[in-house]
Amino acid sequence: MKIRLNRFLSLSGVASRRKAESLIESGEIIVNGQVETRLQKVIDPEKDKVFFEKKLLVPQNFEYYKMNKPRFCLTTMATDEKRRTVRDLLPDSKTKLFPIGRLDYDTEGLLLFTNDGQVAHRISHPSFLIQKTYLAHLAGNISKTFFEKMKKGANLEDGFLVPEKLEMVSSDSSESLVRIEIHVGRNHIVKNFFKYFGKEVRKLKRVSVGPVKLAELGSGKIIKLDYNELQGLKEIMFK
Ligand code: URA
């Protein structure tokens with residue numbers, strides 16, 4: 001099947017389709033030994049040889065999924081005798097999927113899976129500033145003044161953390177529900193942030209990773225990312 005050169009480049013993991021166009025226009029793509037600068041160029045991946053930075057490109061069948069990880073489920077691809085793991089929830093497939101980053105055993109919510117190592121690495125890397133949003137159920141009431149203090153950040157053992165956003169969703173004498181947005185992915189980071197202020201996290205749920213939202217996905221369910229979600233992620237990573 002013939003495809004546009006920029007699509008072939010994005011399937012090969014070189015760049016997003018938009019970035020691929022600028023690589024083509026700037027003469028960095030070689031097709032069958034010739035520099036190719038035509039954006040409308042169509043190639044046959046079975047026959048044509050495409051090179052970028054002296055490397056032959058091979059399109060890969062990458063897959064990207066989102067799961068609503070249940071509470072009390074381990075983020076591991078190893079088997080565990082006693083505890084449920086995310087592996088138990090994956091569809092039977094020849095593709096070797098792995099989770100992108102991890103959620104604690106007792107944290108629920110959005111967990112991405114792929115077989116694309118480059119994307120996984122970039123999403124997990126703080127330099128890409130991928131926002132992650134969590135809903136945290138905290139024990140007890142939080143006063144406005146104390147909440148303002150929390151917004152200024154916490155000096156944690158593994159570094160200072162100022163949330164990008166901290167919003168009070170609801171608060172009464174028994175519990176406060178707080179939405180927190182951060183872009184770092186350190187171990188237990190959200191729990192440690194609230195612990196710093198003496199607040200116990202009773203329940204934690206991740207509701208978004210960059211442009212990907214948990215939305216109405218049922219607990220334990222896994223589905224493929226749609227076109228917009230995937231393009232949104234790739235735009236952040238390859239811009
Ligand atoms: N921060 C935590 O404390 N736990 C998680 O699972 C994710 C972020």
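Predicted model: local features only at pLDDT ≥ 70, side-chain atom pairs only at ≥ 80, totals over all residues.
The ligand sits in the second largest pocket. Its surroundings are formed by Leu-103, Asp-104, Thr-107, Tyr-134, His-188, Ile-189, Val-190, Lys-191 and Leu-204. By class, this shell holds 5 nonpolar, 2 polar and 2 charged residues. Helix H5, which spans residues 189-196, gives the most to the shell. The contribution of helix H5 is 3 residues.

Two domains take part in the shell. Domain 2 covers 64-127 + 212-237, and domain 3 covers 131-209. Both give residues to the shell, so the ligand lies between them.

Polar atoms of the protein lie within 3.5 Å of the ligand at several points. A polar side-chain atom of Thr-107 is 2.9 Å from an oxygen atom of the ligand. Backbone atoms also take part. A polar backbone atom of Lys-191 lies 3.0 Å from an oxygen atom of the ligand. For Val-190, a polar backbone atom is 3.1 Å from a nitrogen atom of the ligand. On its own, the ligand has 240 Å² of accessible area, and the protein covers 96% of this area.

Conventions
Residues numbered from 1 in each chain as written. Heavy atoms only, no water. Near = heavy atom within 4 Å. Polar contact = N/O pair within 3.5 Å; in protein donor to acceptor, adjacent residues only side chain to side chain. Areas by Shrake-Rupley, 256 points an atom, 1.4 Å probe, with all protein chains shown as cover. 1 Å grid on protein atoms, 1.4 Å probe; cavity = no way out; pocket = protein on both sides within 12 Å on 5 of 7 lines; lining within 4 Å. Sits in = over half its atoms within 2 Å of the grid points. Helix = DSSP H or I, 4+ residues; strand = E, 2+ residues; numbered from the N terminus. Nonpolar A, V, L, I, M, F, W, Y, C, P; charged D, E, K, R; others polar. Domains from an automatic or database assignment.
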